[in-house]
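Reader: Please take me through the helix packing, the chain contact and the backbone exceptions of this structure. I would like the cut-offs with the values.

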Amino acid sequence: MLYDHILIRYGELSLKNKNRKKFIYQLHENVRTKLINYPELKIKNSRDRMTILLNGQDPEPIIEACQTIYGVQSLSLAIKVDNDTEQIKHAALQALKEATDARTFKITTKRADKDFPIGSQEFNHVIGSHLLTNTEDYTVDVHHPDVELHIDIRKQGTYITSTRIKGAGGLPVGSAGKTLLLLSGGLDSPVAGYLMMGRGVKLEAVHFHSPPYTSEAAKQKVLDLADRLTFFGNEIKVHIVPFTALQQKIHREIPYGYSMTVMRRMMLKISEKIAAKENILSLTTGESLGQVASQTMESMHAINEVTNYPLLRPLVSMDKEAIIRISQQIDTYDISTRPYEDCCTVFVPNAPKTKPKLDKVKYFEGLMDVEGDITDIMNDIETITFPLKQEKDTFADLF
Amino acid sequence: MIYFDNSATTKPDPSVLESFLQISQKYYGNPSSVHRFGLEAETLLRKAHEQAAEILRVTSSEIIFTSGGTEGNNTAIKGIALAHQNRGNHIITTQIEHPSVLEACHSLETLGFDVTYLPVNEHGTVDVKDVKQALTDKTILVSIMHINNELGSIQPIEAIGQLIKKRPTTYFHVDHVQGFGKQTLPLHDSGIDLCTISGHKIHGLKGTGILYVKKGTTLFSLFHGGNQQGNYRSGTENVAGDVSLVKAMRLIKEQEINSKNHLDELNQLLRELLQEIPEIMINTSPSQAPQILNFSIPGYKPEVIIHALGEREIFISTKSACSSKKPDESAVLHAVGFSQERSKSGLRVSLSYQNTKEEIELFCRSLRKVIQQLSKVMG
């Protein structure tokens, strides 16, 4: 293998002047965590890029892993040589030959090290003519080259790269605080969580579990979704809320058309309490405007009123197809579509109000005493952290 | 006992058997049941899918668990033919396929499909150019085995895959039953749409197998019912069998990595020793799959040799029962172009990672003696 480095270019974070240090530190942490199983690698930061010294490792799985990390704008395989014209010529020739499909090329030199004696324009010609004299069948095309060789001359050495591989973009997870995601098991909420992570937000998740109305399998689905989402960020805590008693009470005491609205309000109320306890400053849902009865403008208004916390809805303007597309990209689709009831679909009346009136909601809710129930619930929450630290896999021996 | 018939079947690995037993006893729930006990079975099944996918470097929804090679081959061939007959009715395969491919193709001929059976060269391999020439607008399926079961010849699957990849309406099926765990066959980006693997050829259990079906491939299902396995194959999943299979896959893959040269060394020794016996003609060309070595002893009935060796607790085999019109001639050896005499007297040694050099030496000594004895009788 010719290439000995991987270059990682930062995305938007180079814009964020003041916080840049923090972002880069976070990205470095995230890259390191992701590559923990490759102890041979040497990962180094600089102001505008990160370099990974491969030490003989196969670059392919490493590139694949880094592509999913938020904050990585693009990646390239690179050869590092000394700032020496002969060495650069040699490496550039090797890099060109590596790109076997290419017929036309272009050289772009960036001379950050101004001590290097040849100007970048002139150096393009030096390298270009070296390549032309030492190969057959290649021609220069400065407008639409098949391959563009970048020669980056820096104080610490010269990097030669050709193809640019797109990264996930966005901001490194953990650089923008935490949100509590209401994770139902459906298609939308994991996508919402994923998109929030793209803004640098760390996730915790809350799930409302109503056994025996919802099954163990439905809960497992939520846990698997959370586990899957850790792939794009760091660890995720999932709070499993025992919701059965309160749900039965709502069902009993609230008029049919309003029970769904009140149930949603109770979910937010409990989520807010969890957020407060965990020092989380916002809640996130997978709601998209107009999808179902609880997601009309009137419903959102009536439900949202119960909390002062910012309620983030990254999917609010997206259509279902776009959401499904993302869920397929991030491999949550197959988990979400496992055929179990999720917590939203049991207890839903046949005709919930699509335009609930807030004063009525508050009136009915006022007739019901829930404080005791909520205290009990808060005491019985089960919290699981993913990825599971020491997976007590009872099945391991069987495989 | 010396067991040299590993291409017919292999000895189940004890730990594979243990997994099967444990799951059959403890987790016998139906994965489709909604209760917790069913969920455990479903979790096992899901993990089995994931592990198989990881080993084959594909995604878990592309794995269908089957009852073995014959089912995998039939599901692939008939499944593609029946689902895509509106696009065309032409199928390409080779003259040296396993009967489960050849007979599936013959059955389709009775339904009006047109099948091309490609010849092979003197090494028992099909020529990519022949495949290219045989392709027509109506070709919906090409089915070619990876390693031939009788001869051990390796087919140019990667090149054929690249050829078919460019054709949006032609599917490519590979019978990988003899190759898995011994010769790596990358599936990702290979042009392969379907790939058959069998459990009992890799120290797994009989009645287990996998058909890889590339995402987006539609098949006419052979089994209709409860829509298990993404509708490709209805029927309550064999969780114990499926888990035991992926364990066998893991174990043989580890051996493939750790004892890479072992089979080559055995094969080399076997060749050298057999070449010293003047009556023997080796049929398998060098640089084919090392686990299979086919040879003929013209003038000797292969069954007699097999029985004589059997008395010495040595088990090898003759040609597999096949569709040759001449009942005692190997269709594969015939297709390679050997004389009738030679095709009639083919014998096969097939090795596993467990076999040793000592066994090879003892086998060759015994074979020499058997030939001497028989020649006296016959002379």
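**Salt bridges, packing and backbone**

Author: Glu278(A) and Lys237(A) form a salt bridge, their closest N and O atoms being 3.0 Å apart. The term stands for a side-chain nitrogen of Lys or Arg within 4 Å of a carboxyl oxygen of Asp or Glu. This is a predicted model, in which local features need pLDDT of at least 70 and side-chain atom pairs count only at pLDDT 80 or more, while totals for chains, interfaces and linings use all residues. Residues are numbered from 1 along each chain as its sequence is written, chains are lettered from A and ligands numbered from 1 in the order in which they are written, and side-chain values use heavy atoms, with hydrogens and water left out.

Reader: How many residues apart are Glu278(A) and Lys237(A)?

Author: Helices (H or I, at least four residues) and strands (E, at least two) are DSSP runs, numbered from the N terminus. Glu278(A) sits in the loop between α8 and β13 (283-284) of chain A, and Lys237(A) in strand β12 (residues 236-242) of chain A. The pair links distant parts of the chain, the separation being 41 residues.

Reader: How many salt bridges does the structure hold over all chains?

Author: Side chains of opposite charge can pair when their charged atoms come close. Over all chains, the number of salt bridges is 27.

Reader: Which residue of chain B meets Glu216(A) in a salt bridge?

Author: Across the interface of chain B and chain A the rule finds two salt bridges. In one with an N to O distance of 3.5 Å, the side chain of Glu216(A) meets that of Arg36(B).

Reader: What area do chain B and chain A bury between them, and which three residues of chain B supply more of its share than any other three?

Author: Contact, meaning heavy atoms within 4.5 Å, takes 19 residues from chain B and 12 residues from chain A. Buried area is the accessible area (1.4 Å probe) that two parts lose on being put together, summed over both; here the value is about 1300 Å², 60% of it on carbon and sulfur atoms. Of the area that chain B buries against chain A, 34% comes from three residues, more than from any other three: Leu39(B), Arg46(B) and Lys47(B).

Reader: How are α8(A) and α9(A) oriented to each other?

Author: Axes are lines fitted to C-alpha atoms, for helices over the stretch in contact, and angles run from 0 to 180 degrees between N-to-C directions. The axes of α8 (residues 256-277) and α9 (residues 297-304) of chain A come within 9 Å and cross at roughly 45°. Angles under 35 degrees count as roughly parallel, over 145 as roughly antiparallel, 65 to 115 as roughly perpendicular and the rest as oblique. The two helices α8(A) and α9(A) are therefore oblique.

Reader: Which residues of α9(A) make the contact with α8(A)?

Author: From α8(A) come Thr261(A), Arg264(A), Arg265(A) and Leu268(A). On the α9(A) side the residues are Ala302(A), Ile303(A) and Asn304(A).

Reader: Why is α3(A) oblique to α4(A)?

Author: Helix α3 (residues 85-98) and helix α4 (residues 120-134) of chain A have axes 10 Å apart and pack at an angle of about 55°. That angle makes α3(A) and α4(A) oblique.

Reader: At what angle do α1(B) and α7(B) pack?

Author: Helix α1 (residues 14-26) and helix α7 (residues 239-258) of chain B have axes 8 Å apart. The two helices α1(B) and α7(B) are roughly antiparallel, the angle being about 155°.

Reader: Which residue has a positive phi although it is not a glycine?

Author: Most residues other than glycine have a negative phi, and most peptide bonds are trans. The residue with a phi of about 60° is found in the loop between α8 and β13 of chain A, and is Asn279(A).

Reader: What is omega for the cis peptide bond that joins Phe386(A) and Pro387(A)?

Author: Pro387(A) is in the segment after β15 (382-386) of chain A. For its cis bond with Phe386(A), omega is about -5°.
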